[in-house]
Amino acid sequence: MDKSDLAVDGEVVAEKLEAAKADAPSLIARIRRSDVWYSFTRSPVAIVAAVVVLIIVLASIFAPLISPQNPFNPAELNLMDGFTAPMEPNQFTGSVYWLGTDDQGRDIFSTILYGSRISLFVGVSAVALAMVIGIVLGLVAGYRGGWADTVIMRVADVQLTFPSILIALLVFGVVRGLVPPDMRNDLAVWILIVSIALSDWVQYARTVRGATLVERNKEYVQAARVIGVKPFAIMMRHVLPNVLGPVLVIATIGLALAIIAEATLSFLGVGMPKTTPSLGTLINTGQDFLFSGEWWILLFPAITLLALALSVNLLGDWLRDALNPKLR
């Protein structure tokens with residue numbers, strides 16, 4: 001076969017590859033043909049939960065454009081507007097607010113938008129950090145075994161004997177004590193993220209370890225060892241993609257728990273400062289005035305937290321069933 005024949009064959013192969021690419025379905029088409037999408041479109045509960053989460057997330061992202069007031073800007077606040085009931089004109093200024101105002105004259109609707117922003121940021125960041133810590137330790141424990149597995153799992157067992165909120169309180173107190181007093185309010189968000197993450201990494205580590213123990217004895221891992229692939233590359237490139245399914249389900253449910261943990265810590269007065277509106281601090285402020293008649297200060301932030309946590313939990317339950325091959 002001469003060079004001209006090879007060139008012709010190469011052109012034919014290239015044309016076939018281009019035709020195959022043209023005929024290949026797009027990403028959107030592949031998603032619509034997937035079992036997960038089919039399960040989602042057949043689940044009214046999952047659709048409603050996704051819509052609620054999407055509305056809250058978008059409203060939080062575009063809070064500066066949607067909210068009629070910036071609760072962080074003291075220049076926009078008027079103490080005379082304090083304790084204004086929903087949809088009723090204030091007796092001094094005549095201003096009307098959809099969801100009323102709190103004791104500082106802050107619009108409840110605006111504080112919910114900005115508070116949801118902070119709660120979502122803390123929840124997502126804490127879950128991401130907990131996932132990183134848990135996945136790394138779980139891969140090391142499951143793949144390496146030996147003393148590393150023993151130490152990591154015994155630490156996990158000890159931590160499981162305590163409630164996660166207690167661990168978060170302990171970590172928050174220790175980290176906050178190490179931070180200079182003049183920086184505590186500025187670093188409160190990051191301290192809260194670290195506290196929640198260090199209280200939730202165990203479930204990711206145990207799940208990843210169990211899946212890694214199964215994967216490390218399979219043929220593709222043994223083949224990678226034979227050709228000299230380093231253990232770190234095997235864990236990251238080969239084992240990790242095959243253990244992410246259960247982790248994503250745990251992360252979805254863990255997001256709701258992280259948001260509730262932030263609200264709990266802020267409600268207890270050890271999370272976000274009261275000058276920074278989050279769903280937890282808003283509920284903490286509202287319960288001070290619940291029995292004096294200003295019910296709206298507590299009710300609307302509590303409903304938002306309930307709707308967000310419940311919707312994320314329902315999405316997590318649906319995702320767990322959708323990724324379970326036994327239920328397909």
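What share of the contacts in the protein chain with a separation of 6 or more comes from residues 24 or more positions apart? The figure is 69%. Keep that in mind as we walk through this model, which is a predicted one.

Let us start with the overall plan. The chain has 328 residues, and buried residues make up 41% of them.

Next, look at the interior. In soluble globular proteins, nonpolar side chains tend to be buried together. Here the largest nonpolar core has 58 residues, and the members that touch the most others are Ile196 and Tyr204. Helix α12, covering residues 244–267, gives this core its largest share, with eleven residues. Once its neighbours within four places in sequence are set aside, Ile196 is in contact with Val122, Ala126, Ala258, Ala261, Glu262 and Leu265. There is also a second, separate core, made of 14 residues, and its members include Ala59, Ala85, Ile112 and Ile297.

Now we can see how particular helices meet. Two packed helices are described by the angle between their axes and the distance between the axes. Take helix α8 (residues 164–178) and helix α9 (residues 188–215) as our opening pair: their axes lie 8 Å apart, and the helices pack at an angle of about 140°. Angles over 145 degrees would count as roughly antiparallel, and α8 is therefore oblique to α9. The crossing of α8 past α9 is right-handed. On the α8 side, the residues that meet the partner helix are Ser164, Ile167, Ala168, Val171, Phe172, Val175 and Arg176, while α9 brings Ile191, Leu192, Val194, Ser195, Leu198, Ser199 and Asp200. Sorted by class, this contact between α8 and α9 has nine nonpolar, three polar and two charged residues.

Another pair sits further along the sequence. Helix α13 (residues 279–287) and helix α14 (residues 296–322) have axes that come within 8 Å and cross at roughly 150°. This angle makes α13 roughly antiparallel to α14, and the crossing of these two helices is left-handed. From α13, the contact uses Leu279, Leu282, Ile283, Thr285, Gly286 and Gln287, and from α14 it uses Ile297, Leu298, Pro301, Ala302, Thr304 and Leu305. By class, the contact of α13 with α14 has eight nonpolar and four polar residues, with no charged ones.

Our last stop is a loop. Phe83 has a positive phi of about 60° although it is not a glycine. Its relative accessible area is 35%, so Phe83 counts as partly exposed. Met87 is placed in the loop between α5 and α6 as well. Met87, also not a glycine, has a positive phi of about 60°. With a relative accessible area of 54%, Met87 is exposed.

Terms used. Residues are numbered from 1 along each chain as its sequence is written. This is a predicted model: local features need pLDDT of at least 70, side-chain atom pairs count only at pLDDT 80 or more; totals for chains, interfaces and linings use all residues. Side-chain values use heavy atoms; hydrogens and water are left out. Axes are lines fitted to C-alpha atoms, for helices over the stretch in contact, and angles run from 0 to 180 degrees between N-to-C directions. Helices (H or I, at least four residues) and strands (E, at least two) are DSSP runs, numbered from the N terminus. Angles under 35 degrees count as roughly parallel, over 145 as roughly antiparallel, 65 to 115 as roughly perpendicular and the rest as oblique. A crossing is left-handed if the near helix is turned anticlockwise from the far one by less than a right angle, and right-handed if clockwise. Contact means heavy atoms within 4.5 Å. Ala, Val, Leu, Ile, Met, Phe, Trp, Tyr, Cys and Pro count as nonpolar, Asp, Glu, Lys and Arg as charged, and the others, Gly among them, as polar. A nonpolar core is a set of buried Ala, Val, Leu, Ile, Met, Phe, Trp, Tyr and Cys residues joined through side-chain atoms within 4.5 Å. Buried means under 20% relative accessible area, exposed over 50%, partly exposed in between (1.4 Å probe, protein chains only).
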